[in-house]
Amino acid sequence: QVQLVESGGGLEQAGGSLRLSCAASGFFYCLAWFRQVPGKERKGVAVMDDAATATYLDSVKGRFTISRDNTKNILYLQMNSLEPEDTAMYYCAAHARWDEPCRVGAMSPDYWGQGTQVTVSS
């Protein structure tokens, strides 16, 4: 059974940092972080393929860093210089289809985690 389990969310002040982790039950070609606020669609924030090629949502470039440990099947999202606009539920997502896109704006996940809340206060 495929599982993606996120951890590391919480409440942080603007300008602070948080690191999210996602433990995957196996190896996936494409891993990603999405976020969603109530009333809006879920949006890709950062995506990474198995060769560690990463793409980012424009609004997080230079502040967020995605990384993965393929030996442990763990995905990370280091979030620095947090802004209140980063407040959202963050989801880990994955697919294993080598011939499908693995980049922000084009990735279509097959698997989702349960989400972890990130709240940034001003």
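Me: Which residue stands opposite S7 in β3?
Reply: S21 of β3 stands opposite S7. This is a predicted model; local features need pLDDT of at least 70, side-chain atom pairs count only at pLDDT 80 or more, and totals for chains, interfaces and linings use all residues. Residues are numbered from 1 along each chain as its sequence is written, and side-chain values use heavy atoms, with hydrogens and water left out.

Me: What makes β1 and β3 a pair?
Reply: Two strands pair if DSSP finds at least two bridges between them. β1 and β3 have four bridges, in the antiparallel sense. Strands themselves are DSSP runs (E, at least two residues), numbered from the N terminus.

Me: What is the strand order of the open sheet?
Reply: The order is β1-β3-β8-β7, with antiparallel pairing. β1 (4-7) and β7 (64-69) each have a single partner strand, so they stand at the edges, and one side of each lacks a neighbour in the sheet. From one strand to the next, the twist averages 15°. Angles run from 0 to 180 degrees between N-to-C directions, on axes fitted to C-alpha atoms.

Me: How many bridges join β7 to β8?
Reply: Six bridges join β7 to β8 (residues 74-79), and the two run antiparallel. R68 stands opposite L75 of β8.

Me: Why is A52 called partly exposed?
Reply: A52 has 47% relative accessibility, so it counts as partly exposed. A52 sits in the loop between β5 (43-49) and β6 (54-56). Its phi is near 70°, a positive value in a residue other than glycine.

Me: Why does S81 count as partly exposed?
Reply: At 40% relative accessibility, S81 counts as partly exposed. S81 lies in the loop between β8 and β9. Phi of S81 is near 50°, again positive in a residue other than glycine.

Me: What makes C22 and C92 a disulfide?
Reply: A disulfide is a pair of cysteine sulfur atoms within 2.5 Å. The sulfur atoms of C22 and C92 are 2.1 Å apart, and they form a disulfide. C22 lies in β3 (residues 18-24) and C92 in β9 (residues 88-95), so the pair ties together parts 70 residues apart in sequence. With -80° about the S-S bond, this link is left-handed. Both C22 and C92 are buried.

Me: Which cysteine does a disulfide join to C30?
Reply: C102, with S to S 2.1 Å. C30 is in β4 (residues 30-36) and C102 in the loop between β9 and β10 (111-112), 72 residues apart. With 90° about the S-S bond, the link of C30 and C102 is right-handed. The count comes to two disulfides. In sequence order of the bonded cysteines, the pairing is 1-3, 2-4.

Me: How many cavities of 30 Å³ or more does the search find?
Reply: The search of the whole structure finds one. A cavity is a set of points on a 1 Å grid over the protein atoms alone where a 1.4 Å probe fits but cannot get out; lining residues have an atom within 4 Å of a point. The largest cavity holds about 30 Å³ of space. Its volume is the space filled by probe spheres set on the points. Residues lining the largest cavity include F27, F28, R68 and D69.

Key
On a 1 Å grid over the protein atoms alone, a cavity is a set of points where a 1.4 Å probe fits but cannot get out, and a pocket is an open set with protein on both sides within 12 Å along at least five of seven lines; lining residues have an atom within 4 Å of a point. Buried means under 20% relative accessible area, exposed over 50%, partly exposed in between (1.4 Å probe, protein chains only).
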